[in-house]
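Here are a few friendly notes to read with the model open beside you. Take them one at a time and find each place as you go.

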Amino acid sequence: MALLLLALPALAARAGAIPPEIDADPRLVATQHARVALLADHAAVAPGQRFHAGLRIVHDAGWHTYWLNPGDSGLPTRYDWTLPEGATASDIRWPVPERKPIGELTNFGYEGVLLLPAELSVPPQAAPGERFRARLRARWLICEEICIPDEATLELDLPVEAQARPSADAAAFAAALAAVPQAEPGWQGVTRRDAGGITVEVQGCSVALGGAERIEVFPATPQIVANHRIEAAHDAAGVLRFRHPASEYYAGMPPSVDWVLVREDGETRRAFAVRLRGEDALAGAPGAATKDGDAPASAAARLPADAAGSVPPAPRLGLGMALLFALLGGLILNLMPCVFPVLALKALAFQHGEAREHRRHALLYTAGVLASFLLLAGLLMALRAAGEALGWGFQLQTPWFVAAMALLMAAVGFALSGLATPGASLMGLGQSLTEGGGGRAAFFTGVLAVVVASPCTAPFMGPALGFALTQPPVQTLLVFAALGLGLALPLLLVGLLPALASRLPRPGAWMERLKQALAFPMYLTALWLTWVLGRQVGVDGMALLLAGMLLMGFALWWRGAQPGRLRRFAVAALLLLALAPVLLIAQLAPSVRGAGDTASAESSLWQPWSPEAVAALRAEGRPVLVNFTAAWCITCLANERVALSGTAFEAALREHGIAYLKADWTDYDARITAALAEFGRSGVPLYVVYPAGGGAPVLLPQVLTPGAVSQALREAARHGSAPSTPAGDST
């Protein structure tokens, strides 16, 4: 049986004092309320060797970090390794934590000096004379009365030699690893939920644990048992038993449950790790026994959490369900206001021509959509692999990209209004993107559909994208491809099925009027993107963008008013000049970004989100509504207009004492990105309600109604019993 390995803290950490040689270590890097260093137990490594490396955290007095199961609140420390090709790294070897009671809550964490080892392997093909270089991005939550997310990126650079050499830190690693909880052969048992709570029975452990003064228990699998102190004892038959209340967040028994049992005899402590079969007698569905080689259940159940309290695990989709959600989400994207005009324009092309040509255009349009989604997925995966915490819509957090999109939307609008025709220098490209019978027009219409859809998140998309961005590359690409297929599906069906195309209205003068009318949603999109840019870089950036649009309009007017060859050069020069604001905005953004948010932050209705603000409000027992939003997210803005504003909404907040926080993701914010990921999401909108009294957070649908919001606020103000939302974000 594969057992969870957890490490014991170093003796110095338990004593609370910092040894002088550690306190004076020049490798320690100061962070917020801690000092950290990346250590290794070898000064030189050999090809194919396994060795240990890990983070040493020296906490400031009174501050603590968290265990694998943080308890009723907190976040475990996380490692993200960047290793040479062929090298591997294990999970953290977790020390047994200390219990940290806070009122009625109990957390598990560490103070003082902490060493968190992991096992690394050197590639067998490494040759003496080379260097083993590894980078560790470590993230943790450190708390006293407030909690602060923190991180550090540290590097390890060791020579590869024919014979490995231990380092000066080898003794520290040896002491920690010698105290790692050990699995004893023959231990087995069950974790059962019944009417009395959680009952645990362990057989075969009487030799190791019999006669102990005290046996303390730590639940390594979260959300099974209540976290306050648990003690166990042997019965007459030598079976270790204890019964304890179920966690208030209990949602079902997994197939196996991990525990750490600590034997205490005076000053001596010895820890054991054990995995037990899970059964739910009330549900009538016993969990399957764990087989040798299974992944640790606690690793699979590492729940997202924050400083405000434990967060229930995001729904765990399988690949099949994620593909279905992505397909449905892509299909709904066609109804978004800046996507529908593109769809309608392409549909006009099916009013004439042969069925064979329709099929060709439909396939090319689909190819443009799929290629764009796969390119976006590849770029997103590459940036995340490089350490960037990015999600859906990340490109719109870049002001120059927003400016370029606004110019593109204006260009398409000008083309639909008849100011540009094919062959009009640079504007010929804008025209070919949205109309015409050529294959290039069909392909680039698909590309344009993806570009204008990027600010939107439709129902079902959130769970699918959250799943995709935590999977291997092949599965990620499959989910993005399913999303693209959903977006392309209406036109694909019209092109492939002549019976559907025949149901479209017959050609006539109305088509030209419709084409011109569809220019106005594009102008509105350009106006909205200009407002987004103003939120990001201020009024100077808006003025530059409007100047670019003015030059573009003047170039098109000049083209129609001035005959001759000079016209072509003048139009090209003016259009290139219209792109200059994009470059200027890219230089302007760093100096004034966020200037547009000052007035909004002064709203009496809401306050800016932060983990510390949530923690403080929850500590007061207040219910909290968190709105993860962005100025470039159309769905977010629609929800705020329909359900998160107005006198009725304000009255509900005041009546129930709800604290309303906004997490504005218009510009990149690593803490918001991390918070989204903890809820299994990669983009906005996301709406989280924290009930009064410390209950489990509840996720609201992605498309809100006033009634749904009102009901959620009423439930949050009671006893934390608001109903949870299904994985599909049903509305």
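1. Let's begin with strand β5 (residues 65-71): 7 of its 7 residues are buried, so β5 is largely enclosed by the rest of the structure. Buried means under 20% relative accessible area, exposed means over 50%, and partly exposed lies in between (1.4 Å probe, protein chains only). Helices (H or I, at least four residues) and strands (E, at least two) are DSSP runs, numbered from the N terminus.

2. Before going on, please note that this is a predicted model, where local features need pLDDT of at least 70 and side-chain atom pairs count only at pLDDT 80 or more, while totals for chains, interfaces and linings use all residues. Residues are numbered from 1 along each chain as its sequence is written, and side-chain values use heavy atoms, leaving out hydrogens and water.

3. Which strand pairs with β5 over 3 bridges? The partner is strand β9 (residues 105-110), and the pairing is antiparallel. Two strands pair if DSSP finds at least two bridges between them. Look for Tyr66, whose bridge partner in β9 is Gly109.

4. Now zoom out to the whole protein, which has 25 helices and 27 strands. Of its 731 residues, 52% are buried. Take the contacts (heavy atoms within 4.5 Å) between residues at least 6 apart in sequence: 75% of them join residues at least 24 apart.

5. Two loop residues deserve a look. His33, in the loop between β1 (29-31) and β2 (34-40), has a phi near 70°, a positive value in a residue other than glycine. Gln223, in the loop between β16 (214-219) and β17 (230-234), also has a positive phi, near 60°. Are they buried or exposed, or something in between? His33 is partly exposed, at 28% relative accessible area, whereas Gln223 counts as buried, at 13%.

6. Finally, visit a helix pair. Helix α23 (residues 647-656) and helix α25 (residues 706-716) pack at an angle of about 5°, with axes 10 Å apart. The axes are lines fitted to C-alpha atoms, for helices over the stretch in contact, and angles run from 0 to 180 degrees between N-to-C directions. Angles under 35 degrees count as roughly parallel, over 145 as roughly antiparallel, 65 to 115 as roughly perpendicular and the rest as oblique; α23 and α25 are therefore roughly parallel. In α23, Phe649, Ala652, Leu653 and His656 meet Val709, Leu713 and Arg714 of α25.
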